[in-house]
Amino acid sequence: MADAIRTDFAIIGGGAAGLSAAAYAARAGLDTTVLEAMGPGGQILVIDRIENYPGFGEGITGFELAQKFESQASQFGAKIEYSEVSEIKKDNNLFAITSSTGIYEAKAVLIATGAIHRPLGVPGEKEYAGHGVSYCATCDGPFFRGKKILVVGGGDSAVQEALYLSGLTDKLTIIHRRDRFRAQKKIVDSLLAKPSISVRLSTVLKEIKGDSKHVTSVVLQNTLTGEETEESFDAVFGFVGILPQTALATALGLDLDKSGYIITNQDMATSMPGVYAGGDVRSTPFRQVATACSDGAIAAHKAQEYIEGLEGCSYGEYTKH
Ligand code: NAP
């Protein structure tokens, strides 16, 4: 790889996992490069308020926290490139990473590509995307101040974002397909305590309707009675889960779980030596900013040991002599 840009540790994805790994790896002395296609921060960029990240009990905006992660990683010497990775190939013990800013040659790789929102999968969704259908409350919520908003979903994202949107309108309804929420109890309690939010369980969205420009109504179905009703709404915010971004992992042939997340061991090591995974793209029982950071820290530490092993100077190797 004659013209390749050399780095010890290439991190694909600059969200909480990737930037934490970058800070740990760079601080430990690895030449570390983060390749991030959009902007450092990942999914936390669109979270209005994070209250459960340790040390920030008073809450911090996702944007501010992302900036802190980025500046800490940079401060320790990590290089953060705006770069989209299209391919990773392993040749002997080196990885060739093809990206929009060139080919990088790395000794170890962390895949921290995160996840994107799962579509609602109903008629009208694609047609009205950006015209009343949204997946980002902080980005699009202010356009619907005082309007009728429908939130779909029952997990942490739906409940948390419904709470944020309820600050913009008192005409907010949240529907969930089951008879109870999946989200953490504390935020569900906050949701139920807000009289201005209408909560409808055992209810699904069947269709989104509109005029030539915007969403005007939705068709809802009560799953217990089967009854369908059409109701006027100005906006539909969908938070029905996430889809891991595993195109690179799949092309590399990494093992995935049945839901499509990358399988790792407790070292964040994937099924291919030298490739680590962390954050929302990894198969894990709990997805939080704190757990993504933990994944990143462990991956960086283990990647460093792996690289030292390649160079024949790991502690384990040393004690053999
Ligand atoms: P999630 O936890 O997977 O929840 C998705 C919700 O959408 C579930 O309630 C699910 O219903 C429902 N759903 C799925 N497909 C649906 C469909 N086709 N139609 C209607 N409803 C559907 O996803 P998430 O809320 O986006 O959270 C993703 C991860 O990030 C989770 O691990 C979550 O804990 C974490 N997170 C944490 C925080 C926080 O700690 N503050 C905030 C946001 C996200 P069922 O319940 O029936 O499956």
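Residues are numbered from 1 along each chain as its sequence is written, and side-chain values use heavy atoms, with hydrogens and water left out. In this predicted model, local features need pLDDT of at least 70 and side-chain atom pairs count only at pLDDT 80 or more, while totals for chains, interfaces and linings use all residues.

**Helix pairs**

Two packed helices are described by the angle between their axes and the distance between the axes. Helices are DSSP runs (H or I, at least four residues), numbered from the N terminus. Axes are lines fitted to C-alpha atoms over the stretch in contact, and angles run from 0 to 180 degrees between N-to-C directions.

| Pair | Angle | Axis distance |
|---|---|---|
| H1 (residues 16-27) and H2 (residues 62-75) | about 25° | 8 Å |
| H1 and H7 (residues 289-310) | about 40° | 7 Å |
| H4 (residues 156-165) and H5 (residues 185-192) | about 40° | 10 Å |

Angles under 35 degrees count as roughly parallel, over 145 as roughly antiparallel, 65 to 115 as roughly perpendicular and the rest as oblique. H1 and H2 are therefore roughly parallel to each other. H1 passes H2 in a left-handed crossing (the near helix is turned anticlockwise from the far one by less than a right angle; clockwise is right-handed). In contact (heavy atoms within 4.5 Å) are Ala 16, Leu 19, Ala 22 and Ala 23 of H1 with Ala 66, Phe 69, Glu 70 and Ala 73 of H2. These residues comprise 7 nonpolar, no polar and 1 charged. Here Ala, Val, Leu, Ile, Met, Phe, Trp, Tyr, Cys and Pro count as nonpolar, Asp, Glu, Lys and Arg as charged, and the others, Gly among them, as polar.

H1 also packs against H7 at an angle of about 40°, which makes H1 oblique to H7. Their crossing is right-handed. Residues making this contact include Ser 20 and Tyr 24 of H1 and Cys 293 and Gly 296 of H7. The contact of H1 with H7 has 10 nonpolar, 2 polar and no charged residues.

H4 and H5 pack at about 40°, so H4 is oblique to H5. H4 passes H5 in a left-handed crossing. Among the contact residues are Asp 156 and Gln 160 of H4 and Ile 187 of H5.

**Ligand surroundings**

Of the 18 residues around the ligand (a heavy atom within 4 Å), Asp 156, Gln 160, Arg 178, Arg 182 and Gln 288 come nearest. A polar side-chain atom of Ser 157 lies 2.9 Å from an oxygen atom of the ligand. For Asn 52, an N or O atom of the side chain is 3.1 Å from a ligand oxygen atom.

Definitions and conventions: Helices (H or I, at least four residues) and strands (E, at least two) are DSSP runs, numbered from the N terminus. A polar contact is a pair of N or O atoms within 3.5 Å; within protein, one must be able to donate a hydrogen and the other to accept it, and residues adjacent in sequence count only if both atoms are side-chain atoms.
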